[in-house]
Amino acid sequence: KQQHDGFRGAILDLTDEKAGRKIESSALSVGGLVKHAASVQVGWRLMIEAAPNDPVWPGTLEEQQASYERENTWLEGDTVGAVLVAFDAEAERVLAAIRAADLDTSVPVPQDVPWFPKDVSHWSVRWVVLHLIEELARHAGHADLLREAIDGATMYELMARREGWDTRAWA
């Protein structure tokens, strides 16, 4: 849940335009990272829910690739509100899947995905959960950096604003 809040903070009060803004040397945007965070949770959740079997991936490989591109890029027509609704819904689904899972259940490692190890046949649900925390934390950090580049807002300032904290004594 804490890693989810990092994304909510990074996108706090951004306009749709600013959420899609990229800094000069990156293809990433804060909004695109929020979309990506929702998307990766879908994949890991499907693996948790299917364990110990292989998940059923929706669509053809070409459809999956096109979906991946849409789910990781801030597109014309994307809005902060809609992206956050989708993000929050998937966050709730993945947390429910984790609560329902036996953490020691084997999760098959897809052997046809180039970035997954070929010398490991399975992970445990526990490993998947820890990996998901790590991946969300890494991307929330990316979002923090991008947000600061957009308008100078930092994580503590955004967290305080989001939580309604009185910052006069320390900010």
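Two rings of Phe, Tyr or Trp (its six-membered ring) form an aromatic pair if their centres lie within 6.5 Å; such a pair is stacked with planes under 30 degrees apart, edge-to-face with planes over 60 degrees apart, and tilted in the rest of the cases. By this rule the structure holds 7 aromatic pairs. The model is predicted: local features need pLDDT of at least 70, side-chain atom pairs count only at pLDDT 80 or more, and totals for chains, interfaces and linings use all residues. Residues are numbered from 1 along each chain as its sequence is written, and side-chain values use heavy atoms, with hydrogens and water left out.

## Aromatic residues

A pair of aromatic rings is described by the distance of the centres and the angle of the planes. Phe116 and Trp123 form an edge-to-face pair, at 5.2 Å centre to centre and 85° between the planes. The pair of Trp123 and Trp127 is stacked, because the ring centres are 4.3 Å apart and the planes lie at 10°. Trp44, Trp115, Phe116, Trp123 and Trp127 form one aromatic cluster.

Phe116 and Trp123 are both buried. Trp123 has a relative accessibility of 8% and therefore counts as buried, whereas Trp127, at 35%, counts as partly exposed.

## The nonpolar core

A nonpolar core is a set of buried Ala, Val, Leu, Ile, Met, Phe, Trp, Tyr and Cys residues joined through side-chain atoms within 4.5 Å. The largest nonpolar core has 36 residues, of which Phe7, Ile11, Val30, Trp44 and Trp123 touch the most other members. H1, H3, helix H5 (80-100) and H6 are the elements that give two or more residues to this core. Helices (H or I, at least four residues) and strands (E, at least two) are DSSP runs, numbered from the N terminus.

Contact means heavy atoms within 4.5 Å. Not counting residues up to four places away in sequence, Phe7 touches Leu33, Val34, Ala37, Phe87, Leu136, His139 and Ala140.

Gly9 is placed in helix H1. With a relative accessible area of 10%, Gly9 is buried. Its contacts, not counting residues up to four places away in sequence, are Arg147, Leu158 and Arg162. Gly9 and Arg138 are 129 residues apart in sequence, and their C-alpha atoms are 14 Å apart in space.

## Pockets and the cavity

Rolling a probe the size of a water molecule over the atoms shows where empty space is left. On a 1 Å grid over the protein atoms alone, a cavity is a set of points where a 1.4 Å probe fits but cannot get out, while a pocket is an open set with protein on both sides within 12 Å along at least five of seven lines; lining residues have an atom within 4 Å of a point. Grid points are joined across faces, edges and corners, and a volume is the space filled by probe spheres set on the points. For the linings, Ala, Val, Leu, Ile, Met, Phe, Trp, Tyr, Cys and Pro count as nonpolar, Asp, Glu, Lys and Arg as charged, and the others, Gly among them, as polar.

| Space | Volume | Lining by class |
|---|---|---|
| Largest pocket | about 1,100 Å³ | 15 nonpolar, 8 polar, 5 charged residues |
| Second largest pocket | about 280 Å³ | 5 nonpolar, 4 polar, 4 charged residues |
| Largest cavity | about 30 Å³ | 4 nonpolar, 4 polar, 1 charged residues |

The largest pocket is lined by 28 residues, and Trp57, Gln64, Tyr68, Val113 and Trp115 lie nearest its centre. Helix H3 (30-50), helix H4 (61-71) and helix H6 (125-151) each supply at least two residues of this lining. The largest share, 8 residues, comes from H3.

In the second largest pocket, helix H1 (2-11), H6 and helix H7 (155-163) each supply at least two lining residues. H1 gives the largest share of that lining, 6 residues.

The count comes to 1 cavity of 30 Å³ or more. Among the residues that line the largest cavity are Lys22, Ser29, Asn72 and Trp74.

## Backbone features

Most residues other than glycine have a negative phi, and most peptide bonds are trans. Asp13 is not a glycine, yet it has a positive phi of about 65°. Asp13 is found in the loop between H1 and helix H2 (16-19), and it is exposed, with a relative accessible area of 53%. Ala51 and Pro52 are joined by a cis peptide bond, with omega about 15°. Pro52 lies in the loop between H3 and H4.

Definitions and conventions:
Buried < 20%, exposed > 50% of the residue type's maximum accessible area, 1.4 Å probe, protein only.
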